[in-house]
Amino acid sequence: MKIKTALVILAALTGTSCFAQGEKLPMDLPVYPGSETAMEVNMSNEDILPMAKAMLPMLSGKLSSTLDKIDMNDIADIIKDVKQIEFVQLDIADQKVTEKDIIGFYTKNIPGGEWTRVFWQNAPKVGTVALYTQKDIQNIYGFRTRTIVVDDKSVKRVEVAKITGRIDYVKLLLTASKLGLGKA
């Protein structure tokens with residue numbers, strides 16, 4: 001199953017709330033020293049569903065056949081217990097900084113609380129991805145680091161996310177299967 005695709009759609013649906021007006025919840029994400037912030041998302045539970053509804057028309061070009069099948073009630077059920085979504089994308093131009101340095105920083109600077117690493121992948125095309133959860137998958141924290149080229153220069157790209165609250169994974173997988181995201 002293409003769980004990555006389902007998560008990318010969820011992120012895209014909620015990804016522009018950094019432009020929303022109003023009072024922000026404080027971010028609880030570590031930021032690598034000397035990095036440059038390329039994108040920041042900080043949404044409360046009041047922002048998530050309205051932003052998802054607003055984003056659907058913007059995604060119509062590449063995902064039009066999939067978007068026609070999306071039921072906003074399903075999305076609302078999936079994220080009803082999510083309290084906050086935080087995301088930051090950083091670029092590190094300092095060539096002395098290694099991926100190992102970045103991984104060490106994000107492994108040592110996990111937000112407060114007791115976390116368990118549930119997923120780790122290090123692959124040349126993907127980079128390093130780590131995913132942590134708290135008891136009963138109540139909260140999720142993760143990071144990804146990789147080397148990319150921006151404006152003809154090699155930089156380390158770091159993406160860090162934290163979801164406070166609980167996603168209904170059963171409904172997420174059922175919705176993904178209805179959308180045809182479970183096919184190989």
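Student: Which residues line the second largest pocket?
Tutor: The lining consists of G34, S35, E36, A38, D91, A93, V150, D151, K153 and V155. A pocket here is an open set of points on a 1 Å grid over the protein atoms alone, where a 1.4 Å probe fits, with protein on both sides within 12 Å along at least five of seven lines; lining residues have an atom within 4 Å of a point. This is a predicted model, in which local features need pLDDT of at least 70 and side-chain atom pairs count only at pLDDT 80 or more, while totals for chains, interfaces and linings use all residues. Residues are numbered from 1 along each chain as its sequence is written, and side-chain values use heavy atoms, with hydrogens and water left out.

Student: What volume does the second largest pocket have?
Tutor: Its volume is about 180 Å³, taken as the space filled by probe spheres set on the grid points, which are joined across faces, edges and corners.

Student: How do the residues of its lining divide into nonpolar, polar and charged?
Tutor: There are 4 nonpolar, 2 polar and 4 charged residues in the lining. Ala, Val, Leu, Ile, Met, Phe, Trp, Tyr, Cys and Pro count as nonpolar, Asp, Glu, Lys and Arg as charged, and the others, Gly among them, as polar.

Student: Which strands each supply at least two residues of that lining?
Tutor: Those are β1 (36-44) and β6 (153-166). Strands are DSSP runs of E with at least two residues, helices are runs of H or I with at least four, and both are numbered from the N terminus.

Student: Where is S35 found, and what does it touch?
Tutor: S35 sits in the loop between α1 (3-14) and β1. Leaving aside residues up to four places away in sequence, S35 touches L90, D91 and I92; contact means heavy atoms within 4.5 Å.

Student: What is phi for D152?
Tutor: For D152, phi is near 65 degrees, again a positive value in a residue other than glycine. D152 is also in the loop between β5 and β6, and with a relative accessible area of 78% it is exposed.

Student: Changing topic, how many residues has the largest nonpolar core?
Tutor: The largest nonpolar core has 19 residues, and V82 and I167 have the most contacts inside it. β1, α2 (45-55), α4 (72-79) and β2 (81-92) each contribute at least two residues to this core. Apart from it lies another core of 17 residues, including Y32, I92, V97 and V160. Such a core is a set of buried Ala, Val, Leu, Ile, Met, Phe, Trp, Tyr and Cys residues joined through side-chain atoms within 4.5 Å.

Student: Why does T128 count as buried?
Tutor: T128 counts as buried because its relative accessibility is 0%. T128 lies in strand β4 (residues 127-133), and its side chain makes a polar contact with the side chain of N122 at 3.2 Å. A polar contact is a pair of N or O atoms within 3.5 Å; within protein, one must be able to donate a hydrogen and the other to accept it, and residues adjacent in sequence count only if both atoms are side-chain atoms. Beyond residues up to four places away in sequence, T128 touches several others, among them W120, F143 and R144.

Student: What does the side chain of R144 reach?
Tutor: The R144 side chain reaches the backbone oxygen of V126 at 3.0 Å. R144 lies in strand β5 and is partly exposed, at 25% relative accessibility.

Student: Finally, how many helices and strands does the chain have?
Tutor: The chain has 6 helices and 6 strands. Of its 184 residues, 42% count as buried.

Notes: Buried means under 20% relative accessible area, exposed over 50%, partly exposed in between (1.4 Å probe, protein chains only).
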